[in-house]
Amino acid sequence: MKDTFRHKGLRKQLMDELSDKGISDISVLNAMAKIPRHLFMDNAFINFAYQDKAFPIGAGQTISQPYTVAFQTQLLSVNPYEKVLEIGTGSGYQAAVLFFMDADVHTIERQKELFQKTKDFLPKLGCHCNFIFGDGYKGLSNFAPFDKIIVTCGAPFVPQELKKQLRVGGKMVVPVGDGDVQVMTLVERVSDENYNITEHGEFLFVPMLSDRERGV
Ligand code: SAH
């Protein structure tokens, strides 16, 4: 569990690269600069931790590319103390970014092995989140409404239950598409009944799996 000067230097370079690629939200870059990404990855990939690439994390899943994490988080525009729901805990990297932006983080994972591993690991970095083992399609109704919701797996549609769990004025960022690519979609709840939907480019995600309630 070491975070050396070399790791910090590589991380600084990665932040410069992300800013060159268009990430301008300082709170996102500051949070990512604090997180030892190399500790989230299998030892075999440790030397690649500060490249702007996705990598395998076990159970057939990946830790998202840093640019994708930064882009999605920037689009979510997170403010301190907001209640944020993440679907797809995975390695916990995205949850850590939200935590270091001072959000109140709730995160759901459907794979038991990853859920357990991340629930044990993140507190060792000082990241305290509400870790839930369950199905992201259902959200987390007993903690709703959320200021922000971020889905970190490719959803075939915008899950209806998640839309309902967004507070009026809240935002959800969800990659939508069940083919090879997903369209980064921003859903803003403008009133009880109305949502503003905008699209923000194509990305690659592992699929959002299990019970598929009909979405809109
Ligand atoms: N946010 C993660 C990304 C992991 S990849 C990180 O920073 O590392 C996406 C994750 O979504 C996988 O771990 C996968 O198991 C999970 N997932 C897929 N479908 C899900 C669902 N229906 N509910 C909750 N998690 C899901």
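Okay, let's start with one definition: helices (H or I, at least four residues) and strands (E, at least two) are DSSP runs, and they're numbered from the N terminus. The peptide bond that joins A144 and P145 is cis, with omega at about 5 degrees.

Quick housekeeping. This is a predicted model, where local features need pLDDT of at least 70 and side-chain atom pairs count only at pLDDT 80 or more, while totals for chains, interfaces and linings use all residues. Residues are numbered from 1 along each chain as its sequence is written, and side-chain values use heavy atoms, with hydrogens and water left out.

So, the whole chain. How many helices and strands does the protein chain have? Six helices and nine strands. The radius of gyration is 16 Å, close to the 17 Å that the globule rule gives for 216 residues, so the chain is as compact as a globular protein of that length. For that number, the radius is taken over C-alpha atoms, and the rule is 2.2 Å times the number of residues to the power 0.38. Along its principal axes, the C-alpha trace spans about 50 × 35 × 35 Å.

Next, what's inside. I'll say "buried" for under 20% relative accessible area, "exposed" for over 50%, and "partly exposed" for in between, using a 1.4 Å probe and protein chains only. By that count, 51% of the 216 residues are buried. The accessible surface, from the Shrake-Rupley method with a 1.4 Å probe, comes to about 10000 Å², and 52% of it belongs to carbon and sulfur atoms.

"Contact" means heavy atoms within 4.5 Å. If you take contacts between residues at least 6 apart in sequence, 54% of them join residues at least 24 apart.

Now let's walk through two helices. Helix 3, residues 66-76, is mostly covered, with ten of its eleven residues buried. Among them are P66, Y67, F71 and L76. Just after helix 3 you get to S77, in the loop between helix 3 and strand 3. S77 isn't a glycine, yet its phi is positive, at about 40 degrees. And is S77 buried or partly exposed? At 25% relative accessibility, S77 counts as partly exposed.

On to helix 4, residues 93-100: six of its eight residues are buried, so helix 4 is largely enclosed by the rest of the structure. The buried ones are Y93, Q94, A95, A96, V97 and L98. What covers them? The cover includes helix 2 (26-34), strand 2 (61-63), helix 3, strand 3 (83-87), strand 4 (104-109) and strand 6 (146-151). Just after helix 4 comes D102, in the loop between helix 4 and strand 4. D102 also has a positive phi, near 70 degrees, in a residue other than glycine. At 46% relative accessibility, D102 counts as partly exposed.

Okay, aromatics. A pair of aromatic rings is described by the distance of the centres and the angle of the planes. Here, rings of Phe, Tyr and Trp (its six-membered ring) pair if their centres lie within 6.5 Å; planes under 30 degrees apart count as stacked, over 60 as edge-to-face, and the rest as tilted. How many aromatic pairs does a search of the whole structure find? Nine.

Take F48 and F55: their ring centres are 5.5 Å apart and their planes are at 35 degrees, so that pair is tilted. F48 counts as partly exposed at 34% relative accessibility, whereas F55 counts as buried at 10%. Then there's F115 and F133, a tilted pair with 5.5 Å centre to centre and 45 degrees between the planes. That pair links distant parts of the chain, with F115 in helix 5 and F133 in strand 5 (residues 130-133), 18 residues apart. F115 is buried, with a relative accessible area of 9%, and F133 counts as partly exposed at 39%. There's also one aromatic cluster formed by F40, Y93 and F121.

Last stop: T118, in helix 5, residues 112-121. T118 counts as buried at 3% relative accessibility. Which residues does T118 touch, leaving aside neighbours within four places in sequence? T89, G90, S91, G92, P123 and F131.
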